[in-house]
Amino acid sequence: MTSKTVVHVLRHGEVHNPEKILYGRLPGYHLSELGVQMAKAAAQAVAERDITYVVASPLERAQQTAEPIAAQFGLPIAVDDRLIESANWFEGKRVSVGDGSLRDPRNWWVMRDPVTPSWGEAYALIAKRMYAALEAARVEAEGHEALCVSHQLPIWTLRNHVERKRLWHDPRKRQCGLASLTSFHFEGAKVVGVGYSEPAAHLIAMSPTARTAKGA
């Protein structure tokens, strides 16, 4: 009989980032108070699920988001480097549209190729490592459910890859809100469905900064 497994991929909650920079893989960026509430909302959303494995990106914000979920199931938090945020040339810089680094002509050459993209880790490489992490989580939780905590761009790239859509895209159109769950349903090793939910939507609505969180 073919086993059925679900792997939930959770985006971390809001990060404390008063400088409004793209923090990317930089250390020291933790959840804001609202972000902690988002992590708890995500934990409540999966409280009745059959989760037997919890794994997260090594970055602090992902680890913090995983904590309430791991605690309620009495599980350790495994670490998978493949779930980490994508590399980005603008890391550590202000990159709001019409502001900061994007206004500097000396940086425009970095944005010459939106398809690869030229400013960061290639979408194809992100998709490859994220799918490998997804498969590893499926194996760990086979016949049950797993939860992985990662970051917006890697999660959205993974979803596009699984759904056989083009990887390059308009970042403004990503369906991957803060503390959202993108759930991959497997029969054996085959993905047979993808679901999406936003258990922290009511909290995102409370914070204008949550809508434009950088380096997510």
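This is a predicted model: local features need pLDDT of at least 70, side-chain atom pairs count only at pLDDT 80 or more; totals for chains, interfaces and linings use all residues.

Biologist: What makes S1 and S5 paired strands, and in what sense do they run?

Modeller: The criterion is at least two bridges between the strands; seven bridges join S1 (residues 4-11) to S5, and these strands run antiparallel. Within that pairing, Val7 has Phe184 as its bridge partner in S5, while His8 stands opposite Ser183. On the same criterion of at least two bridges, S1 and S4 are paired as well, through six bridges in the parallel sense, with Leu10 opposite Val149 in S4.

Biologist: How is S5 joined to S6, and what is the phi of Gly188 in their hairpin?

Modeller: S5 and S6 (residues 190-197) run antiparallel and are joined by seven bridges, with Phe186 having Val191 of S6 as its bridge partner. The hairpin of S5 and S6 has two residues between the strands, and Gly188 there takes a positive phi near 65 degrees.

Biologist: Why is S1 called mostly covered, and what is the count for S5?

Modeller: A residue is buried when its relative accessible area is under 20%, and seven of the eight residues of S1 are buried. In S5 (residues 181-187), five of the seven residues are buried, and that strand too is mostly covered.

Biologist: What makes up the largest nonpolar core, and which residues have the most contacts inside it?

Modeller: To belong to such a core, residues must be buried and joined through side-chain atoms within 4.5 Å. The largest core has 23 residues, and those with the most contacts inside it are Val7, Val9, Leu134, Cys148, Leu158 and Phe184. At least two of its residues come from each of S1, S2 (51-56), H3 (123-140), S4 (145-150), H4 (152-162) and S5, and H3 gives the most, with seven residues. Leaving aside residues up to four places away in sequence, Leu158 touches Val9, Met130, Tyr131, Leu134 and Phe184. Apart from this core lies another of 22 residues, including Leu10, Leu34, Ala200 and Leu203.

Biologist: How do you know that the peptide bond joining Thr116 and Pro117 is cis?

Modeller: The omega of the bond joining Thr116 and Pro117 is about 0 degrees, and the bond is cis; Pro117 lies in the loop between S3 (77-79) and H3.

Biologist: Where is Arg164 found, and why is Arg164 called exposed?

Modeller: Arg164 is in the loop between H4 and S5 and has a positive phi near 60 degrees, although not a glycine. Its relative accessible area is 79%, and because the limit is over 50%, Arg164 counts as exposed.

Biologist: What about Ala179, buried or exposed?

Modeller: Ala179 is also placed in the loop between H4 and S5, and has a positive phi of about 60 degrees without being a glycine. Its relative accessibility is 0%, which is under 20%, and therefore Ala179 counts as buried.

Note on methods. Residues are numbered from 1 along each chain as its sequence is written. Side-chain values use heavy atoms; hydrogens and water are left out. Buried means under 20% relative accessible area, exposed over 50%, partly exposed in between (1.4 Å probe, protein chains only). Helices (H or I, at least four residues) and strands (E, at least two) are DSSP runs, numbered from the N terminus. Contact means heavy atoms within 4.5 Å.
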